[in-house]
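Please look through the model below slowly, with the sequence beside it.

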Amino acid sequence: MIADIRGVPRAEREKRIADAVEEVRMGEWIDKRTGKFSKGMKQRICIASALLSNPTILLLDEPSTGLDPRGMSEVRDIVKSLKKQDRLVFMSSHILSEVSEVCDEVAMIDHGKLLVYDTISNVTKKFSGSDNIVEVGLLKSVDPSIITRISNLSGVTGAESMDDRNLRIKFQGSQDTQARILTDLLGLNVPVLSYRPAASALEDVYLNLIKATL
Amino acid sequence: MSNDQPHAANTVPGSLVQVGVTMKYTLLDYLRSRRFVIMLAIVLIISALLTVLVAYYRPGSMVGSGATTIDFYSTWWGTFASFLTVISGIFFGGDGIAAEFQNKTGYFTVPNPIRRSSIYIGKFLASFTAATVVLVVYLAIAVANGLFYFGANIPSQFGESFLFAWFYLLAVLGFTFMFSSLFKTSSYAILVSFLLLIVGFSLISALIEGLTNTEPWYILSYGASIIMDVFTSPYPTTITRAGFTTYVASIPEGLAIMAAYFIVSSMLGLILFERKEFN
């Protein structure tokens, strides 16, 4: 029905449906009724129906809103894979950590006014001071003296403990600096479990930017 | 998707074609549904019972020596056609729109490049077709019995009555679709339509006539009385006896009431559906 509505030629219909369903990883469910699907699965089916006409540009309006964590993760993975297929994907979202994870570029809009548009790294660099931020997940808590030593690492402008198992490190420099700091942390025997750009960096930028409009 | 060989750009069909697409798939859905089988079974059981009872008892008012074809068809068709029209209209129209919200199927259709009016009209036409099939089955069995008892002598009033019932079906569906657009739960739409069309209107009509002695021209079932009245020759008129008036809708009046219900309720239903959000 959706293929008919979207005007997919009859000769290509079966292949396109199979391709689209496969692309959202719903191939094994292709003969099942959608009524019992989870919200995440339904969202994937919606994305598949948009893919039927093989668009080069996709507009996704808050694709993960209202989904449980598993559904959000599923949809995020699909969006990431769509990016790899030579498509331009526009995604609107209020979940800025998701934007950091999925998108290459970000545009922030407040009351219909475009506040900023650039790559994620440029935006965070430009608007959250000159510092970049990484969050470090720890296997076990570390001694405060270690945090002081981290603060003194080259390029690092500050380090703080968020809780027992998480650190926040501010640094100046590029991704090379970010990689070198990780090596230095391991050199200090810091029990690193995870290491990633801070999800809240984009939130900080957003809050700074909209301050003026409040 | 095969990106190495890009597909030709799709042309999204026009609204009229999309009405056809929606109608086709909704109708397929209806024809495969349990409700269609149940509705057909009801009609077949009633028709079979009538066939057996008439054949066995040979009621004089229907197939006796003094009975006419008009007597036969008015009893067989006229007494049950209105009820059957209402029931099949509610059966197929009650969840026409509400099911999109209740079963969340609207999440798959509405985000596509299709107007909501195309969905609404397509579903309406599918319901109309499915309910017509049910009416036609009942009609065909009536005709088969009529041919058996009276030969190919089918009165024109029977044809008129069928056309009126068909028109009544439009009004019933318009009314039912309005409630289907209003509620997000199919059972509410079906229940409210059923109570109003089967009980409510008759009750209101009787109360208005009895208490205020005015013509209930705004009641749908009053307009639909032409389905039965057309068998009476000459056509009955409003009469007053002992200060009490029995109102009878003329054929133009009945058609106008049904048309008004169809147009107003369908438009209201469409407006409600256009404005309703999926959440």
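Contact here means heavy atoms within 4.5 Å, and helices (H or I, at least four residues) and strands (E, at least two) are DSSP runs, numbered from the N terminus. The model is a predicted one, in which local features need pLDDT of at least 70 and side-chain atom pairs count only at pLDDT 80 or more, whereas totals for chains, interfaces and linings use all residues. Residues are numbered from 1 along each chain as its sequence is written, chains are lettered from A and ligands numbered from 1 in the order in which they are written, and side-chain values use heavy atoms, with hydrogens and water left out.

**Domains and sheet of chain A**

Chain A is divided into domain 1 (2-92) and domain 2 (125-211), with bounds that come from an automatic or database domain assignment. The C-alpha centres of these two domains of chain A lie 36 Å apart.

In chain A, 4 strands form an open sheet in the order 6-7-5-8, with antiparallel pairing; two strands pair if DSSP finds at least two bridges between them. Strand 6 (156-163) and strand 8 of chain A are the edge strands, since each pairs on one side only, and from one strand to the next the twist averages 20°. Strand 6 of chain A pairs with strand 7 (residues 166-171) of chain A in the antiparallel sense over 6 bridges, and the bridge partner of Ala159(A) is Ile169(A) in strand 7 of chain A.

| Helix | Strands it lies across | Angle |
|---|---|---|
| Helix 7 (residues 144-151) of chain A | strand 6 and strand 7 of chain A | about 150° to strand 6 of chain A |
| Helix 8 of chain A | strand 5 (132-138), strand 6, strand 7 and strand 8 of chain A | about 165° to strand 8 of chain A |

**A helix pair in chain B**

Helix 2 (residues 34-57) and helix 4 (residues 69-93) of chain B pack at an angle of about 170°, and their axes are 11 Å apart. That angle makes helix 2 of chain B roughly antiparallel to helix 4 of chain B, a term used for angles over 145 degrees. Among the residues that make the contact are Phe36(B), Ile46(B) and Leu50(B) of helix 2 of chain B, and Trp76(B), Phe80(B) and Leu84(B) of helix 4 of chain B.

**Backbone details**

Most residues other than glycine have a negative phi, and most peptide bonds are trans. Glu62(A), however, has a positive phi near 45° and is found in the loop between strand 1 (57-61) and helix 4 (69-83) of chain A. Asn189(A) also has a positive phi, near 60°, and is found in the loop between helix 8 (175-187) and strand 8 (192-197) of chain A. Glu62(A) is partly exposed, with a relative accessible area of 24%, while Asn189(A) is exposed, at 67%; buried means under 20% relative accessible area, exposed over 50%, and partly exposed in between (1.4 Å probe, protein chains only).

In chain B, the peptide bond from Ser233(B) to Pro234(B) is cis, with omega near -5°, and Pro234(B) is found in the loop between helix 11 (226-229) and strand 1 (239-241) of chain B.

Key. Axes fitted to C-alpha atoms, helices over the stretch in contact; angles between N-to-C directions. Parallel < 35°, antiparallel > 145°, perpendicular 65-115°, else oblique.
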